[in-house]
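The sequence and structure come before the notes.

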Amino acid sequence: MPEERLAMIAAWAARHWPGGPVARPEATAMAPDGSTRFFVRLRAAGRQLVAMHGPDNPAEARAWLHLAGVLAAGGLPAPKVWAAEERAGLFLMDDLGQADLHGAALALAGDADALAKLYEPVLAMLARLQAVGAAGLDVSYCFDGAELSPEFLLRREAGYFMEWFVEAACGLRERPAGLAEELALVAERAGRAEPRGLVHRDFQSRNIVLGPCGPGLVDFQGARLGPAQYDLASLLHDPYVDLPWPLRRRLLGRYLDLRRDVGPFDAEAFVEGWPFVCLSRLMQALGAYGFLCGRRKKPFFAAHGRPALNSLRRLLAEPPLAMLPALGQLARRLPDDPGPLLAALAGEDSR
């Protein structure tokens with residue numbers, strides 16, 4: 001982050017510090033992953049906060065602020081906002097913690113019981129998010145669409161996958177016969193899956209903060225209505241962690257139990273829509289890696305293409321997705337390790 005920008009954010013935060021202005025806080029830039037926003041961790045007057053600066057997308061900033069209020073009103077662990085200037089894209093909020101689920105899960109790799117214990121409060125948080133999160137939501141604030149509809153999923157997940165991963169990264173132009181019809185079917189089944197609820201849309205390990213009070217939610221500005229399966233698919237088929245498949249099934253069963261405990265829930269409908277939503281989410285992730293490498297030149301994401309593709313292939317080999325022969329054929333044509341191709345797209349030599 002340029003020093004001038006860091007200084008500007010710190011000075012703004014100092015003027016809006018809870019309890020009154022302070023001298024310039026100690027400021028440390030935070031890594032933003034795939035976002036174009038800037039984040040700064042600030043310390044002053046015995047308190048630690050986070051500032052966010054995203055001036056390039058006012059609609060996104062407006063959505064983030066509204067959703068922070070919606071989540072907090074539902075008793076969900078979103079950061080308390082202390083100061084906001086929407087037009088400037090400046091926000092000052094509580095720091096929910098410096099650790100995340102991603103790092104904690106990697107440290108426990110190979111210990112299924114310890115991982116299940118780690119994920120338990122995250123699953124409980126998600127169950128509550130799905131049960132009550134949509135209360136108070138005004139979809140006019142949803143800057144990137146009000147709902148994960150079949151049309152949206154076909155264009156922005158299946159289409160994203162084809163454009164940025166299959167074609168841009170892997171260089172495949174020839175499409176198996178019947179592929180367009182199968183992609184449309186997946187989008188239809190995923191987009192109409194029941195039950196419905198508030199969807200975070202990027203509920204993966206790097207967006208789950210772990211702090212003294214338990215897990216917390218960040219990066220929720222893209223939330224909207226949609227199939228309840230979507231966020232669990234993001235969590236269990238997360239390429240950043242690549243959980244063992246028996247553990248994914250175990251965590252799915254545990255989520256269903258937790259969700260039943262917090263309100264009316266149709267588990268049978270959830271399970272029926274589950275594989276189609278999982279497939280759509282994995283296509284979105286692979287498309288995102290292609291976009292982030294190719295358009296934003298962020299080679300960090302290249303290494304995650306292989307676990308995402310492996311998960312997609314495994315889903316396509318199991319019922320009911322084995323009834324999608326064109327998608328299965330396409331998946332088999334893709335390189336086993338797309339990492340070097342994604343890195344090359346970002347302009348980096350992966351050797």
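Which helices each supply at least two residues of the lining of the second largest pocket? In this predicted model, they are helix 8 (245-261) and helix 9 (267-294).

**Second largest pocket**

- The volume of the second largest pocket is about 230 Å³.
- Its lining is made up of 13 residues; nearest the centre of the pocket lie Trp245, Leu252, Trp274, Leu315 and Glu318.
- Helix 8 contributes four residues, the most to this lining.
- By residue class, the lining has nine nonpolar, one polar and three charged residues.

**Helix 9 against helix 10**

- Two packed helices are described by the angle between their axes and the distance between the axes.
- Helix 10 covers residues 305-316, and its axis comes within 10 Å of the axis of helix 9, with a crossing at roughly 155 degrees.
- Helix 9 is therefore roughly antiparallel to helix 10, since angles over 145 degrees count as such.
- The crossing of the two helices is left-handed.

**Residues at the helix 9 and helix 10 contact**

- From helix 9, the contact involves Cys278, Leu279, Leu282, Met283, Leu286 and Tyr289.
- From helix 10, the residues they meet are Gly305, Ala308, Leu309, Ser311, Leu312, Leu315 and Leu316.
- The residues of this contact comprise 11 nonpolar and two polar, with no charged residue.
- Leu315 of helix 10 takes part in the contact with helix 9 and is also one of the residues nearest the centre of the second largest pocket.

How values were computed
Residues numbered from 1 in each chain as written. Predicted model: local features only at pLDDT ≥ 70, side-chain atom pairs only at ≥ 80, totals over all residues. Heavy atoms only, no water. 1 Å grid on protein atoms, 1.4 Å probe; cavity = no way out; pocket = protein on both sides within 12 Å on 5 of 7 lines; lining within 4 Å. Points joined across faces, edges and corners; volume = space filled by probe spheres on them. Nonpolar A, V, L, I, M, F, W, Y, C, P; charged D, E, K, R; others polar. Axes fitted to C-alpha atoms, helices over the stretch in contact; angles between N-to-C directions. Parallel < 35°, antiparallel > 145°, perpendicular 65-115°, else oblique. Left-handed = near helix turned anticlockwise from the far one by under 90°. Contact = heavy atoms within 4.5 Å.
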